[in-house]
Amino acid sequence: MITAEQKPVTEIINYISPYRRILLVGCNECVTVCAAGGKKEVGILASVLHLHFLKQGKNLEIDEITLERQCDPEYVEELAPHIDRADAILSMACGCGVQTIASRYKEKIVFPAVNTKFMGASESQGIWAERCQGCGDCMLGITGGICPVARCSKHLLNGPCGGTSNGQCEIGPETDCAWRLIWERLKELGMEDRYEEIMEAKDWRPSGGAGPRKIIREDLSL
Amino acid sequence: MGFQKKLTKGEFAVLAEINTPKGVDISELTMNTRFLKSRIDAVILPDMDNGIMHMSSLGSGAIMLQQGLEPLIHVCGRDRNRMALQGDLLSAHILGIQNLLFVQAEEMANSDHQDATPVNDLDEKGLIHMVKSLNSGKDLSGFELSGTPDFFMGFAMPSILDDTQLEKEMEKAKEKIDLGARFVLTQPVFDLDFYSTVLNKLTPLNIPVISSVFLLKSVGMARYMSINDPNCRLSEDIITRLRKSKDREAEAIEIAGEMIRQLKEICQGIKISALGWEDRLPTILDSAGL
């Protein structure tokens, strides 16, 4: 999923302080799972903002809505009846949701309330870690299901660097060496020979090197 | 007299752009520049121009110095991050390269290494800010430098289509000048009347403007430019003149020479691009009376 973290409240306040009527929009997908921008977080942020502006003698009107998916124009359409009442929109979705709203409601300013972080998985309760950088040419089939692009600090494709120590990355003990994980996994699978294969210079075009990416499925297009 | 001194004193500067080799054979590079010494003020050295991997502008700049020519090197953010850029610029300064031209690089997608990952750590203003910081004795992280460089930097302005675009470019140019850019290089001129009006409107920038002249090597090239880059305002008259000429090479050189002579009256410097015909540069200079 796409992970996110709420922005510092002071930054959000700076964004919305010129406005009085705010449409605060959450998303039921990824940001709900990583507890950054779901219905619950929408409620909490609305209360925080109310309190802040009340202390300043300003009565902020906040419409709270949580959409099924903010990155889907079909669901973003549901905001239409509420748009006229708002001076500005505050989105708690990832950057994809913010931009979907911005492209649908061009006459209204939309602000992000979260920082979109990475594509990751939950390691344990309250901990999410990066697992994929969307390089567009998945090599997990060769590396035993562990991604060197996302999990090696240097995106090394042919084994670890000299900085690996006791299975940890040199950037810090909290980061496992991806190539130690890959090697152990390949050993478990009896596929050590894959480690010997030399990976040539990676084609980074599918990773975004050739500009913004798009998937066009003609079989699904209307 | 150095390029920087000439520009600062308001004298006319002559620059020639030379492509660097794709390989380690520098004989053509040195041969083509041999006859330029004392005739031009600086050699412009692109860095992976048009996204084609070549010998870098840093190395070729050093070779130009060995040849007794002052280099002006391209700097762009596509291929290096701020660490590499700063390190290379310090190296450049030590080697004697002080003139920098910031350019927007061709997209990696259009390069001859399309599968490479583009860096783009710093944009053009970021690059100028970086050099300003180096010139003040600190790197981009604020750490003190041991010995402060003194770079002379300028930027390139795209072809101007109309007043609306010019206004936008003026805004961008002002920001770059505020950051420390000292000269501007404009795109190839084919329509002198229109360019004169643009040049007049650039006066408030209050920095030297260097105009560019392209050698139209063939009718095909001229036609291609006129169709694919209408902003360059290459007229049908010029194409016809080239097409009808009995000696098209001599005519192309004469067209470039004429343009340079006329531009000399209205701008503060000229950049000549021979686009692979660098061996004809002395003849172009003869034709221009330089």
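## Chain interface

Six residues from chain A and seven residues from chain B make the contact, where contact means heavy atoms within 4.5 Å. The model is predicted: local features need pLDDT of at least 70, side-chain atom pairs count only at pLDDT 80 or more, and totals for chains, interfaces and linings use all residues. Residues are numbered from 1 along each chain as its sequence is written, and side-chain values use heavy atoms, without hydrogens and water.

About 510 Å² is buried between chain A and chain B, 56% of it from carbon and sulfur atoms. Buried area is the accessible area (1.4 Å probe) that two parts lose on being put together, summed over both. On the chain A side, A:Trp204, A:Arg205 and A:Gly209 lose the most area to chain B, together 74% of what that side buries.

## Helices H1 and H3 of chain A

Helix H1 (residues 9–16) of chain A packs on helix H3 (residues 39–55) of chain A at about 65°, with axes 11 Å apart. H1(A) and H3(A) are therefore roughly perpendicular (65 to 115 degrees).

From H1(A) come A:Val9, A:Ile12, A:Ile13 and A:Ile16; they meet A:Leu45, A:Val48, A:Leu49, A:His52 and A:Phe53 of H3(A). By class, this contact has eight nonpolar, one polar and no charged residues.

## Helices H4 and H5 of chain B

In chain B, helix H4 (residues 82–95) and helix H5 (residues 124–135) pack at about 50°, with axes 11 Å apart. H4(B) contributes B:Arg82, B:Leu85, B:Gln86, B:Leu89 and B:Leu90, and H5(B) contributes B:Leu127, B:Met130, B:Val131 and B:Leu134.

Note on methods:
Chains lettered and ligands numbered in written order. Axes fitted to C-alpha atoms, helices over the stretch in contact; angles between N-to-C directions. Helix = DSSP H or I, 4+ residues; strand = E, 2+ residues; numbered from the N terminus. Parallel < 35°, antiparallel > 145°, perpendicular 65-115°, else oblique. Nonpolar A, V, L, I, M, F, W, Y, C, P; charged D, E, K, R; others polar.
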